[in-house]
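Open the model in your viewer and keep the sequence panel beside it. Have the selection tool ready.

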Amino acid sequence: MTARQPTLDHLLGQRYGEEYRAPAHSPTPPSPPPQPHPHGCVGDGRHGAHHHHQHGELWVLPLIVERASAPLQVAPPHPAPVRRPRPLCCSFCWKRAARWAREDGVPVPSKNARGSWSTHSLKGPGPNRVVTCPVLRQVVCGHCGATGDHAHTTHHHETHPEEFD
């Protein structure tokens, strides 16, 4: 005779509390009634019913099992925001255009507007940051003679001397 495997319905229908009752001992004095807790009810008092249990008595809480009718749906993690590359803008060329606009009495263009400054950037990426602006590459510093990859204006050299020591 083969042992029949218990089913979930069979297990849930059993009374497990009967198996776990402590053997009868000599009567123990009743425990003192629970005192009100300043932060609310604790233990049995939280349900409003005061049950008197014997010391050493084991209790089994009912287990609620839900059967899934469909597979568990897990929400996908939030996708990373799409980072759009910033539009090109050479600050050197934009500042020149803004200065000319103020001198001519016309509105200063936005950095995001199309213009001669929106076709390139001032410096390239990376730690060396080589000058890529075609206009600035032709400038020669009046103090140190720098031009090309390390070009800067004489005014920049005078206002930031710590960069050139």
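This tour goes from the whole chain to single residues, one selection at a time.

**Stop 1: the whole chain.** Show everything as a cartoon. This is a predicted model. The protein has three helices and zero strands. Along the sequence, the pattern reads α-α-α. Of the 165 residues, 13% count as buried. Contacts between residues 24 or more positions apart make up 35% of those with a separation of 6 or more.

**Stop 2: confidence.** Colour by pLDDT. The average for the protein is 76, and 58% of the residues score at least 70. Which helix has the lowest mean pLDDT, and which the highest? Select residues 8-13 for helix H1, the lowest at 63. Then select residues 91-104 for helix H2, the highest at 93. Where pLDDT is low, the predicted coordinates should not be read in detail.

**Stop 3: helix H2.** Stay on H2. Now show the buried residues of H2: Phe92, Cys93, Trp94, Ala97, Ala98 and Ala101. An α-helix has 3.6 residues a turn, so residues three or four places apart point the same way. Next, select arginine 96, also in H2. Arginine 96 is partly exposed because its relative accessible area is 24%, and buried means under 20%. Arginine 96 and tryptophan 117 are 21 residues apart in sequence, yet their C-alpha atoms are 9.2 Å apart in space. Finally, step just past the end of H2 to glycine 105, where phi is positive, about 75 degrees.

**Stop 4: the largest nonpolar core.** Which residues make up the largest nonpolar core? Select these eleven: Cys90, Phe92, Cys93, Trp94, Ala97, Ala98, Trp117, Val131, Cys133, Leu136 and Ala151. Domain 1 (86-120) and domain 2 (121-164) each give this core at least three residues. In soluble globular proteins, nonpolar side chains tend to be buried together. Zoom in on phenylalanine 92. Leaving aside neighbours within four places in sequence, phenylalanine 92 is in contact with Leu122, Cys133, Val135, Leu136, Val139 and Thr153.

**Stop 5: the salt bridge.** How many salt bridges does the structure hold? There is one. Select arginine 137 and aspartate 149 to see the pair, with the closest N and O atoms 2.8 Å apart. Both partners sit in the loop between H2 and H3, twelve residues apart. Arginine 137 is partly exposed, at 32% relative accessible area. Aspartate 149 is partly exposed too, at 36%.

**Stop 6: arginine 129.** Select arginine 129, in the loop between H2 and H3. Check the backbone angles here: phi of arginine 129 is near 50 degrees, a positive value in a residue other than glycine. At 43% relative accessibility, arginine 129 is partly exposed.

**Stop 7: histidine 157.** Go to residues 154-159, helix H3, and select histidine 157. Is histidine 157 buried or exposed? Buried, because its relative accessibility is 14%. Now show what surrounds this side chain. Not counting residues up to four places away in sequence, histidine 157 touches Cys141, His143, Cys144, His152 and Phe164.

Methods
Residues are numbered from 1 along each chain as its sequence is written. This is a predicted model: local features need pLDDT of at least 70, side-chain atom pairs count only at pLDDT 80 or more; totals for chains, interfaces and linings use all residues. Side-chain values use heavy atoms; hydrogens and water are left out. pLDDT is the predictor's confidence in each residue, from 0 to 100. Helices (H or I, at least four residues) and strands (E, at least two) are DSSP runs, numbered from the N terminus. A nonpolar core is a set of buried Ala, Val, Leu, Ile, Met, Phe, Trp, Tyr and Cys residues joined through side-chain atoms within 4.5 Å. Buried means under 20% relative accessible area, exposed over 50%, partly exposed in between (1.4 Å probe, protein chains only). Domain bounds come from an automatic or database domain assignment. Contact means heavy atoms within 4.5 Å. A salt bridge is a side-chain nitrogen of Lys or Arg within 4 Å of a carboxyl oxygen of Asp or Glu.
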